[in-house]
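Subject: Structure for you to look at

Hello,

Here is the structure I promised to pass on. Please open it and keep it beside this message as you read.

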8 protein chains.
Amino acid sequence: MNFDIRFDFQRRERIGLIEAIWGQDKSIDQLKRLSETVLGKNEIVFITRINSEKAIKLLDLYDDAQYNEEAKCLIIGKNLNKLNTNKKVAIISGGSSDLAVTLEAKLALEIYGVNCQSFIDVGVAGLHRLISQLEEIDKYDVLIVCAGMEGALATVLGGLLAQPIISVPVSVGYGVSKNGETALRSMLASCSPGIAVMNIDNGYGAAMAAVRIIKSIS
Amino acid sequence: MNFDIRFDFQRRERIGLIEAIWGQDKSIDQLKRLSETVLGKNEIVFITRINSEKAIKLLDLYDDAQYNEEAKCLIIGKNLNKLNTNKKVAIISGGSSDLAVTLEAKLALEIYGVNCQSFIDVGVAGLHRLISQLEEIDKYDVLIVCAGMEGALATVLGGLLAQPIISVPVSVGYGVSKNGETALRSMLASCSPGIAVMNIDNGYGAAMAAVRIIKSIS
Amino acid sequence: MNFDIRFDFQRRERIGLIEAIWGQDKSIDQLKRLSETVLGKNEIVFITRINSEKAIKLLDLYDDAQYNEEAKCLIIGKNLNKLNTNKKVAIISGGSSDLAVTLEAKLALEIYGVNCQSFIDVGVAGLHRLISQLEEIDKYDVLIVCAGMEGALATVLGGLLAQPIISVPVSVGYGVSKNGETALRSMLASCSPGIAVMNIDNGYGAAMAAVRIIKSIS
Amino acid sequence: MNFDIRFDFQRRERIGLIEAIWGQDKSIDQLKRLSETVLGKNEIVFITRINSEKAIKLLDLYDDAQYNEEAKCLIIGKNLNKLNTNKKVAIISGGSSDLAVTLEAKLALEIYGVNCQSFIDVGVAGLHRLISQLEEIDKYDVLIVCAGMEGALATVLGGLLAQPIISVPVSVGYGVSKNGETALRSMLASCSPGIAVMNIDNGYGAAMAAVRIIKSIS
Amino acid sequence: MNFDIRFDFQRRERIGLIEAIWGQDKSIDQLKRLSETVLGKNEIVFITRINSEKAIKLLDLYDDAQYNEEAKCLIIGKNLNKLNTNKKVAIISGGSSDLAVTLEAKLALEIYGVNCQSFIDVGVAGLHRLISQLEEIDKYDVLIVCAGMEGALATVLGGLLAQPIISVPVSVGYGVSKNGETALRSMLASCSPGIAVMNIDNGYGAAMAAVRIIKSIS
Amino acid sequence: MNFDIRFDFQRRERIGLIEAIWGQDKSIDQLKRLSETVLGKNEIVFITRINSEKAIKLLDLYDDAQYNEEAKCLIIGKNLNKLNTNKKVAIISGGSSDLAVTLEAKLALEIYGVNCQSFIDVGVAGLHRLISQLEEIDKYDVLIVCAGMEGALATVLGGLLAQPIISVPVSVGYGVSKNGETALRSMLASCSPGIAVMNIDNGYGAAMAAVRIIKSIS
Amino acid sequence: MNFDIRFDFQRRERIGLIEAIWGQDKSIDQLKRLSETVLGKNEIVFITRINSEKAIKLLDLYDDAQYNEEAKCLIIGKNLNKLNTNKKVAIISGGSSDLAVTLEAKLALEIYGVNCQSFIDVGVAGLHRLISQLEEIDKYDVLIVCAGMEGALATVLGGLLAQPIISVPVSVGYGVSKNGETALRSMLASCSPGIAVMNIDNGYGAAMAAVRIIKSIS
Amino acid sequence: MNFDIRFDFQRRERIGLIEAIWGQDKSIDQLKRLSETVLGKNEIVFITRINSEKAIKLLDLYDDAQYNEEAKCLIIGKNLNKLNTNKKVAIISGGSSDLAVTLEAKLALEIYGVNCQSFIDVGVAGLHRLISQLEEIDKYDVLIVCAGMEGALATVLGGLLAQPIISVPVSVGYGVSKNGETALRSMLASCSPGIAVMNIDNGYGAAMAAVRIIKSIS
């Protein structure tokens with residue numbers, strides 16, 4: 001069946017992206033087996049949403065494993081095929097409670113060799129914090145905006161800067177904002193034109209959307 | 001039953017507000033009978049959400065009836081007990097599609113003799129429009145903010161000005177913003193402190209909340 | 001960039017409010033660093049939704065820290081710029097299960113030097129409890145109403161008293177009332193005119209809305 | 001199959017109730033055929049939610065047909081087996097917009113020979129209206145409470161009177177109360193004990209619940 | 001203020017019901033204080049949704065305290081004013097997972113001296129189980145139906161028996177039935193006439209609705 | 001590209017089903033062009049949800065076009081490759097309001113040459129109606145159950161008969177059952193084992209699920 | 001009462017299926033009693049969603065008990081009346097996180113003696129994985145498709161293969177896919193014809209739907 | 001106030017985009033006035049969601065107005081500052097019912113001088129249709145994917161091609177897919193990495209997101 005020949009590429013060969021491993025629902029045994037397989041292909045292991053208990057067990061096994069507890073991400077090995085780009089991504093965030101999501105995006109971008117900078121705590125309740133950073137943010141090529149609550153940051157930025165904007169609703173807060181649904185719908189309904197939206201808390205996905213853009217630029 | 005003596009005030013006597021008549025689900029007959037009763041008590045008739053077809057029939061009956069088609073409000077008679085106040089209300093709106101709601105609020109405030117000014121189309125997608133009006137808006141004592149879509153205007157204003165802010169989500173838009181639910185939840189989840197929220201499209205209610213504040217000020 | 005000069009006010013300078021720290025999703029390290037920064041500016045630290053485990057660690061560090069376990073609020077230092085007002089706030093609550101939310105509002109008001117009084121357990125299932133307190137409640141300038149379940153207390157009070165009413169839905173109960181959504185929608189749909197609504201459990205926000213009103217009065 | 005013998009009762013024989021015909025989605029032909037069948041069994045025809053256009057066609061066919069346009073109900077013939085009871089039902093309603101639902105309940109009760117009285121427009125925004133009628137309402141054996149908006153009337157009544165209370169949420173209003181869902185959830189979450197709830201706008205069902213109670217009493 | 005005289009009845013005097021104490025969100029201290037107050041008025045203490053940890057502490061304090069762990073209800077003292085009735089309630093349940101809710105209803109009814117009988121596990125997936133008990137169930141005066149999943153039991157019973165039916169959706173299951181919302185909506189939408197519905201898991205409320213009916217009968 | 005060779009089958013060749021045309025959102029021009037294309041391939045045209053206005057225009061164009069107004073389906077031409085099967089499908093329905101959905105399923109089955117029989121109005125509110133037909137229904141090989149309201153018919157049938165059951169929620173009713181969502185969730189949550197569910201009103205899809213089963217049988 | 005004689009079949013006699021025991025909400029005592037009863041009837045005990053803590057206690061009691069921890073299913077005894085069939089079921093899954101659901105389906109099918117094969121991790125994000133297995137999957141008679149996230153696997157398979165397809169949404173993921181609701185609605189809205197859907201995570205139900213089909217085939 | 005100088009740019013100057021006029025909720029008078037203003041600034045008028053009745057009135061007024069009825073878009077004048085780019089956008093759509101949304105995107109892109117090509121009706125129910133076009137689609141720089149129903153097209157494409165993908169859920173269908181909410185959530189939950197999502201039916205927004213990307217590339 002010559003089908004397989006045509007289609008049996010690795011994801012990297014097909015779309016230039018490697019598969020991240022979603023650690024939350026997987027047992028330590030599943031994670032070990034998956035890691036071995038991926039490393040056996042000389043690919044980097046990138047596990048998201050892995051708690052410290054499971055991470056420690058993998059850190060014991062692999063010398064070059066690195067765990068970022070705030071991002072809940074674990075990396076083993078190296079990405080041998082980083083992008084060759086000088087394009088840069090700014091990760092802008094409304095509050096320090098969005099930290100985990102912004103870090104997940106940052107780590108994912110760094111794996112691909114994409115230069116990125118975080119601008120934390122520039123929420124629009126204190127507009128001057130954002131305005132004072134605007135010129136600096138404008139130097140970046142793609143903007144990732146992470147915000148919980150009502151997610152107004154995406155709208156305000158989208159009205160001020162011309163770059164591609166990838167917005168990530170964050171599940172912080174209480175009451176109507178508890179699960180990120182309000183930030184999600186707010187970003188989708190933004191009155192600023194051309195704001196693209198990812199799933200709630202999907203920092204990794206935002207990084208991949210940025211990588212898609214940067215690859216098409218570079 | 002000495003109960004009635006204690007409780008049988010008119011709403012005006014009890015809380016200083018007159019009852020508005022919600023015109024949407026009422027037949028022309030019901031509206032006529034209600035109007036007669038209210039006018040018989042020397043009170044002003046204020047009918048909200050009344051379409052032009054029904055309004056015309058009432059305009060025929062009462063010489064001093066006035067219909068505002070954009071606000072879908074009809075007024076008959078005069079309010080003999082206006083507030084004696086020099087406090088002013090600013091009605092700020094994100095887009096011209098919010099016009100009906102802002103007008104309903106404006107008419108309701110004017111009935112009570114409250115001076116108010118509309119600032120239309122200062123949505124945050126073009127932040128400069130709002131910023132350029134900020135000093136002017138700051139001269140008002142109470143702010144009513146009407147916005148559809150993602151309702152970010154309330155958050156931005158709430159971070160910039162110190163007045164009481166009453167926000168009204170507006171049911172304009174399509175997709176996730178179609179029925180005003182996104183603007184509602186966004187305003188409730190606002191990261192600016194002390195933003196109070198009304199029901200979707202409830203311009204009249206916002207005016208009454210402002211009247212409550214102005215009466216407590218004056 | 002003369003921008004910063006114009007905009008780089010503290011929130012207090014801009015809108016007269018200090019920023020509360022939302023303790024729930026923050027690590028003890030984040031809380032320590034934030035507290036130091038705030039205290040370094042001679043401002044009061046007010047942390048909401050902080051559990052006792054984290055609170056104890058901060059109590060060890062600061063002599064003048066005070067923790068209210070029922071409100072889950074921690075205060076460090078003093079507010080040097082209290083409001084100079086004789087206006088008073090009544091906090092009215094439907095049941096003892098709403099206690100945490102009413103206390104959060106009370107503590108937040110006291111920080112600003114606003115006199116306030118709680119009226120607990122005057123739910124409308126036993127209407128006489130409310131009616132017997134009505135004359136007393138009427139002496140206050142702004143009313144904060146906290147209620148879970150179906151939130152009918154806001155409507156009944158709104159029909160009886162003329163003050164500004166800020167209502168806070170509370171997430172107590174089970175079944176359809178479990179997460180406060182029913183109380184929220186009920187308050188928004190109130191047939192009493194001019195009832196303003198805050199996010200679920202947002203006692204702090206209600207206090208800030210009251211402070212906005214009191215500042216505009218005083 | 002001796003099954004049929006056991007089970008093939010008419011609904012009247014089985015549970016003492018006749019089947020109402022839901023007119024909304026049925027064509028005039030379907031309604032004609034159904035009416036003939038029912039009348040052929042010497043039963044009364046009771047069609048709910050039938051618009052005037054369809055009603056007129058049936059009025060032409062049957063001399064003893066009666067159409068109540070406000071209730072959107074059409075009755076043909078007579079119920080030959082009315083209940084023999086002196087128990088009475090009070091139908092209490094928060095506003096004149098609930099009229100159609102209260103009338104549907106009233107007509108359904110009258111078909112069974114149950115004495116009932118409507119108390120319209122005793123909504124809790126003007127509590128005195130309800131209080132002043134309380135002694136009169138207390139003379140009735142079963143209470144049906146119809147209310148839209150936030151449905152607080154059911155809670156207040158439930159705390160004041162001891163009778164069985166059947167509450168019907170009504171789909172009037174706008175924004176969060178538009179489709180009756182808020183009144184429904186509010187009634188279900190009532191803090192008054194023992195309030196039973198029907199589907200939105202289900203005046204007929206409330207009448208049948210009352211008939212079940214009255215039959216068990218009588 | 002002669003108001004209090006008129007209204008300051010106990011709930012028992014007003015509507016013949018005693019107040020249950022909802023134990024879930026209350027601290028052990030709150031429960032102790034409430035229990036003392038209630039017992040001081042010679043009333044029975046009935047605490048619902050109290051876990052065994054809190055219950056044990058109260059069992060230590062009161063000799064006549066009784067805890068039903070499956071129902072999660074604790075009773076202290078005696079109800080001195082039971083109903084004088086020979087009316088009986090059947091509590092019918094679709095599956096053994098509904099046990100806690102049926103027991104809460106049963107205990108609440110027994111406090112009022114109402115005779116009741118449980119018919120567990122007569123769910124309609126095995127229709128014969130229900131049919132074989134039908135004659136026995138028909139001997140009872142009021143039916144309480146508890147069911148999770150799709151709640152079809154209420155509809156089937158409502159088509160077979162003529163008694164007042166109070167249905168209680170139960171929050172068992174997974175996926176779409178997880179939180180009881182499906183059973184709730186299913187019962188509200190029942191095609192059997194006159195089925196009244198309570199909040200999810202509200203066994204106590206169903207008992208109170210039954211008590212209201214029995215008091216009106218007796 | 002040898003890809004196309006492998007994949008470019010018609011749907012009939014691939015999975016033995018022809019594509020139905022969904023008429024609701026299509027213009028008359030789109031429908032004409034699609035019909036011509038399909039007929040040009042000697043396939044039957046089956047248009048669902050087409051209103052009479054559009055249908056008449058197509059009836060004028062094609063001699064062998066047939067329109068079923070109650071089903072809102074239009075058929076042009078003949079299916080030259082009917083299934084060769086003696087398997088039969090029973091379409092069982094809770095009420096006459098479900099007629100359009102049952103007819104859409106029936107017409108779709110007949111196109112494939114599948115023998116089917118409708119059992120209308122055997123809803124479980126009058127259980128005897130279903131029970132009396134049970135032996136007859138049991139003679140069929142696959143059961144399609146259409147029901148609105150609370151959809152209890154699927155559960156009851158699923159507990160009584162062993163055949164494959166495909167259930168279709170129907171969007172009739174009002175209040176909580178208005179849009180078919182309650183019937184959908186009720187069928188998904190069924191306590192009878194092995195009930196499969198289709199989208200709301202999807203009579204055509206149910207027929208196709210039945211065809212899949214019959215093809216695997218035959 | 002000759003009723004019981006007619007209806008008091010076991011479920012196996014009526015519809016050929018045995019009842020599974022849902023272990024999640026049942027106490028160890030309830031599970032013991034149920035197991036004894038079932039085994040006393042020479043039937044197999046099949047407990048789903050039972051955690052290891054409860055399972056261990058049952059494993060101690062019964063020598064022939066077997067616990068599958070990943071599936072969270074416990075089996076005691078043997079099914080003496082397996083199906084006599086050579087029909088086979090393929091269980092296809094989008095990712096390794098769906099494992100528990102696929103295993104529950106597999107165990108349930110094996111109890112009935114149905115041959116089945118799992119095809120794990122053939123999600124459509126890497127389409128070649130599915131395409132390369134297509135010929136193999138096509139050898140099976142009934143397809144069970146388990147998928148979380150957006151559930152696109154069901155649509156793609158439904159367009160490629162002609163078998164009966166039973167799809168099971170799985171509650172893995174985060175944000176909008178967290179509880180399986182998105183996969184559920186996606187499968188119901190599938191543009192491939194004749195895809196039948198089960199409740200979220202209902203692997204057991206899918207197996208029973210497959211058994212119904214296989215019994216009607218065999 | 002030197003503020004205005006800094007901020008009072010046109011949107012084009014700030015972010016290089018012109019403002020589209022949302023025609024749905026605006027009166028013909030509002031549209032006329034807005035058009036005049038925009039044309040007066042030598043900008044192009046682009047009105048979306050304008051029905052033919054309103055469009056005709058504007059076509060009468062402006063010689064160079066063009067109305068696309070299927071897209072419901074009206075264009076007056078010319079864009080004098082088109083992008084100078086050779087980058088191309090592919091607009092891929094699951095079915096002909098998505099036509100309006102794809103056309104709105106296409107018209108918006110053409111205004112900016114972006115070359116784009118539509119690939120209609122390549123839905124994944126017939127996977128070969130998509131596969132056979134894959135090489136052609138791969139020649140484009142940015143992909144806009146429009147799909148209703150379950151939106152699986154975005155996932156499949158995202159797994160096959162490396163470009164930036166902007167997906168637009170479309171509100172076609174019935175039952176659970178009626179309002180586009182299922183397609184929206186499905187796209188957000190996509191298991192393919194880096195899929196960005198717009199509001200339901202927001203073809204214009206997708207075009208603007210593409211323009212942002214192309215501007216950052218060019």
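A word on the basis comes before that. This is a predicted model, in which local features need pLDDT of at least 70 and side-chain atom pairs count only at pLDDT 80 or more, while totals for chains, interfaces and linings use all residues. Residues are numbered from 1 along each chain as its sequence is written, chains are lettered from A and ligands numbered from 1 in the order in which they are written, and side-chain values use heavy atoms, leaving out hydrogens and water.

**Where chain D meets chain C**

Contact means heavy atoms within 4.5 Å. By that rule, 21 residues of chain D touch 21 residues of chain C. The two chains bury about 1,800 Å² between them, with 72% of it on carbon and sulfur atoms. Buried area is the accessible area (1.4 Å probe) that two parts lose on being put together, summed over both. In chain D, Ala125(D), Glu150(D) and Val176(D) lose the most area to chain C, together 28% of what that side buries.

Which helices of chain D each supply at least two residues to this side? They are H6 (127–131), H8 (152–160) and H9 (181–188). H8(D) gives the most, with five residues. Helices here are DSSP runs of H or I with at least four residues, strands are runs of E with at least two, and both are numbered from the N terminus.

How many salt bridges cross this interface? The rule finds zero between chain D and chain C. A salt bridge needs a side-chain nitrogen of Lys or Arg within 4 Å of a carboxyl oxygen of Asp or Glu.

**Salt bridges elsewhere**

Side chains of opposite charge can pair when their charged atoms come close. Over all chains, the search finds 50 salt bridges.

- Glu181(D) and Arg185(E) meet at 3.0 Å, N to O. Glu181(D) lies in helix H9 of chain D and Arg185(E) in helix H9 (residues 181–188) of chain E, so the pair joins two chains. Both residues are buried. Buried means under 20% relative accessible area, exposed over 50%, and partly exposed in between (1.4 Å probe, protein chains only).
- Lys139(F) pairs with Glu136(F), the closest N and O atoms being 2.9 Å apart. Glu136(F) is partly exposed, at 32% relative accessible area.
- Asp121(H) and Arg129(H) form a salt bridge at 3.8 Å, N to O. Asp121(H) is partly exposed at 30%, and Arg129(H) is partly exposed at 21%.
- Glu181(A), Arg185(A), Glu181(H) and Arg185(H) are linked in a network of salt bridges.

**A buried helix and some strands**

Look at helix H8 (residues 152–160) of chain B. Nine of its nine residues are buried, so the helix is largely enclosed by the rest of the structure. Among them are Leu153(B), Val156(B) and Leu160(B).

Now turn to chain G. Val45(G) and Ile47(G) point one way from strand S2 (residues 45–48), Phe46(G) and Thr48(G) point the other way, and all are buried. Strand S1 (residues 21–22) pairs with S2(G) in the parallel sense over two bridges. Two strands pair if DSSP finds at least two bridges between them. The partner of Trp22(G) is Thr48(G).

Last, chain A. Five of the six residues of strand S5 (residues 88–93) are buried, so S5(A) is largely enclosed by the rest of the structure. Five bridges join S5(A) to strand S6 (residues 115–119), and the two run parallel. Val89(A) stands opposite Cys116(A) in S6(A).

Best wishes
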